[in-house]
Amino acid sequence: LVFTWVVARAAVGFRGPIGWVLENRVVVSMGMMSYAIYLFHPIVAKGVVRWLAVGWTYWPKVAMSAFVTISLAWLSWQFIETPARNLGRRFLYVKPNPPD
């Protein structure tokens, strides 16, 4: 029931403080990059941060991991995902004819 309510509210839009948070530019940008963040975070957390942050304590490693992950996701969004999405506009979609 909770998820049904969330989907129904999302369809018409959230208002009030929840709507303000969900429409915030930073939150919307993170949502647009969320798949790239999902893809890059294990690589960054296990590889890059261990190599770059040798001897660091926990929270600076978390901050470094978040910064590198979001930076890579932004680069991916700007230079891979957006051009690929725009490339689709160059092709004409022809609806297939239904079989007789």
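Glycine 55 sits in the loop between H4 and H5. Helices here are DSSP runs of H or I with at least four residues, strands are runs of E with at least two, and both are numbered from the N terminus. At 76% relative accessibility, glycine 55 counts as exposed. Exposed means over 50% relative accessible area, buried means under 20%, and partly exposed is in between, with a 1.4 Å probe and protein chains only. From the C-alpha of glycine 55 to that of phenylalanine 3 the separation is 43 Å, and the two are 52 residues apart along the chain.

A word on the source. This is a predicted model, in which local features need pLDDT of at least 70 and side-chain atom pairs count only at pLDDT 80 or more, while totals for chains, interfaces and linings use all residues. Residues are numbered from 1 along each chain as its sequence is written, and side-chain values use heavy atoms, with hydrogens and water left out.

Now the two helices on either side of that loop. How do H4 and H5 pack? Helix H4, residues 34–52, and helix H5, residues 58–87, meet at an angle of about 135°, and their axes are 8 Å apart. Axes are lines fitted to C-alpha atoms, for helices over the stretch in contact, and angles run from 0 to 180 degrees between N-to-C directions. The pair is therefore oblique; under 35 degrees would be roughly parallel, over 145 roughly antiparallel, 65 to 115 roughly perpendicular, and the rest is oblique.

Which residues make the contact? On H4 they include Phe40, Val44, Ala45 and Val49, and on H5 they include Met64, Ser65, Val68 and Leu72. Contact means heavy atoms within 4.5 Å. By class, the contact of H4 with H5 has 13 nonpolar, four polar and two charged residues. Nonpolar covers Ala, Val, Leu, Ile, Met, Phe, Trp, Tyr, Cys and Pro; charged covers Asp, Glu, Lys and Arg; the others, Gly among them, are polar.

Take serine 65, in helix H5. Serine 65 is buried, at 16% relative accessible area. Leaving out residues up to four places away in sequence, serine 65 touches Val44, Ala45 and Val49.

Threonine 82 is also in H5, and is buried at 19%. A polar atom of its side chain lies 2.8 Å from the backbone oxygen of tryptophan 77.

Last, serine 29, in helix H3, is partly exposed at 38%.

Key
Polar contact = N/O pair within 3.5 Å; in protein donor to acceptor, adjacent residues only side chain to side chain.
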